[in-house]
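Visitor: Could you walk me through this model before I start reading around it on my own?

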Amino acid sequence: MAPTIATLISSAEDGDRSAADALFTALYAELHRLAKSQLAQNGGATLGTTTLLHEAYLDMAGREAVFPDRARFMGYAAKVMRGLIIDYARSRQALKRGGAFEITTLAAEPGAAVPDDQELTRIGAAVDELAAVDPPLAEIVDLKFFSGFSFAEIGAMHQVSERTVQRQWAKARIFLHRALGRSLPA
């Protein structure tokens, strides 16, 4: 019988490296969807989904993070992926790498608004600021805005109602609106 996600999380939390690897393998499909959504939301056209997923794994494997449940694991994965995308955007804009010279590509879907690298960096900094004030709200932003999870999916992860998640999202948007001087998409 294969161990459950909860068992793998518990074993990984206790320092079992093989359990952490098994947890990543068990959630690979969901993490792949998360990485694909992150890239679609944030315009990482030249960064591949699998590359982002594997970079996130390497980053997560190198840290001593505790994941008491699936929701915390997915929230942490979303945060790591957001950080990697923002770091990638920053490195593309670095002047020493010709950051003033921009190559444009056609978006997969015409008219799809993709934040530019500077905008992405500003949003990431605002979410980090929110995390310092209210970490659960920042996790909602990572899961909803950056990862594309629905309110129902986030509610199921955190074992709260969809309406509760919607209220938390509204609070987070108000904070971010003030921090950025504009509003985020509903």
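Guide: To begin with a term, helices here are DSSP runs of H or I with at least four residues, numbered from the N terminus. This is a predicted model, and just after α7 in it, Gly-148 takes a positive phi of about 80°.

Visitor: How many helices and strands does the chain have?
Guide: There are nine helices and zero strands, so defined as DSSP runs, and reading along the sequence gives the pattern α-α-α-α-α-α-α-α-α. Buried residues make up 37% of the 186 residues in the chain. Among contacts with a separation of 6 or more, 62% come from residues 24 or more positions apart.

Visitor: What is the mean pLDDT of the chain?
Guide: The mean pLDDT is 75, and 76% of the residues reach 70 or more. Over residues 100–112, however, the pLDDT is below 50, and that stretch has three contacts in the model beyond near neighbours in sequence.

Visitor: Back to α7, then. Which of its residues are buried?
Guide: The buried residues of α7 are Leu-137, Ala-138, Glu-139, Ile-140, Val-141, Asp-142, Leu-143, Phe-145 and Phe-146. That makes nine of the twelve residues in α7, so this helix is largely enclosed by the rest of the structure.

Visitor: And how many Å does α7 reach from its first C-alpha to its last?
Guide: It reaches 15 Å over its twelve residues, which is close to the 16 Å expected at 1.5 Å a residue.

Visitor: Why does Arg-82 count as buried?
Guide: Arg-82 has a relative accessibility of 3%, and buried means under 20% relative accessible area. As for its position, Arg-82 is in helix α5, which covers residues 70–93.

Visitor: How many salt bridges are there in the whole structure?
Guide: A search of the whole structure finds two. Through shared partners, salt bridges join Arg-82, Asp-128 and Asp-142 into one network.

Visitor: Is Asp-128 buried, partly exposed or exposed?
Guide: Asp-128 counts as partly exposed, because its relative accessibility is 42%.

Visitor: Tell me about Val-127; where is it, and what does it touch?
Guide: Val-127 is in helix α6 and is buried, with a relative accessible area of 0%. Leaving aside neighbours within four places in sequence, Val-127 is in contact with Arg-82, Ala-138, Val-141, Asp-142, Phe-146 and Leu-176. Val-127 and Leu-137, ten residues apart in sequence, are 9.0 Å apart in space from C-alpha to C-alpha.

Visitor: New topic, the nonpolar core. Which residues touch the most other members of the largest one?
Guide: In that core of 49 residues, Leu-31, Leu-34, Leu-52, Met-81 and Val-141 touch the most other members. The helix that gives the most to this core is α5, with twelve residues. Val-141, again leaving aside neighbours within four places in sequence, is in contact with Val-127, Leu-130, Phe-146, Trp-169, Ala-172 and Leu-176.

Visitor: One last thing: which residue has a positive phi although it is not a glycine?
Guide: That is Gln-159, with a positive phi of about 55°. As background, most residues other than glycine have a negative phi. Gln-159 is in the loop between α8 (151–158) and α9 (162–180).

Visitor: And is Gln-159 buried or exposed?
Guide: Gln-159 counts as exposed, because its relative accessibility is 74%, and exposed means over 50%.

Definitions and conventions: Residues are numbered from 1 along each chain as its sequence is written. This is a predicted model: local features need pLDDT of at least 70, side-chain atom pairs count only at pLDDT 80 or more; totals for chains, interfaces and linings use all residues. Side-chain values use heavy atoms; hydrogens and water are left out. Helices (H or I, at least four residues) and strands (E, at least two) are DSSP runs, numbered from the N terminus. Buried means under 20% relative accessible area, exposed over 50%, partly exposed in between (1.4 Å probe, protein chains only). pLDDT is the predictor's confidence in each residue, from 0 to 100. Contact means heavy atoms within 4.5 Å. A nonpolar core is a set of buried Ala, Val, Leu, Ile, Met, Phe, Trp, Tyr and Cys residues joined through side-chain atoms within 4.5 Å. A salt bridge is a side-chain nitrogen of Lys or Arg within 4 Å of a carboxyl oxygen of Asp or Glu. The expected span of a helix is 1.5 Å times one less than its number of residues.
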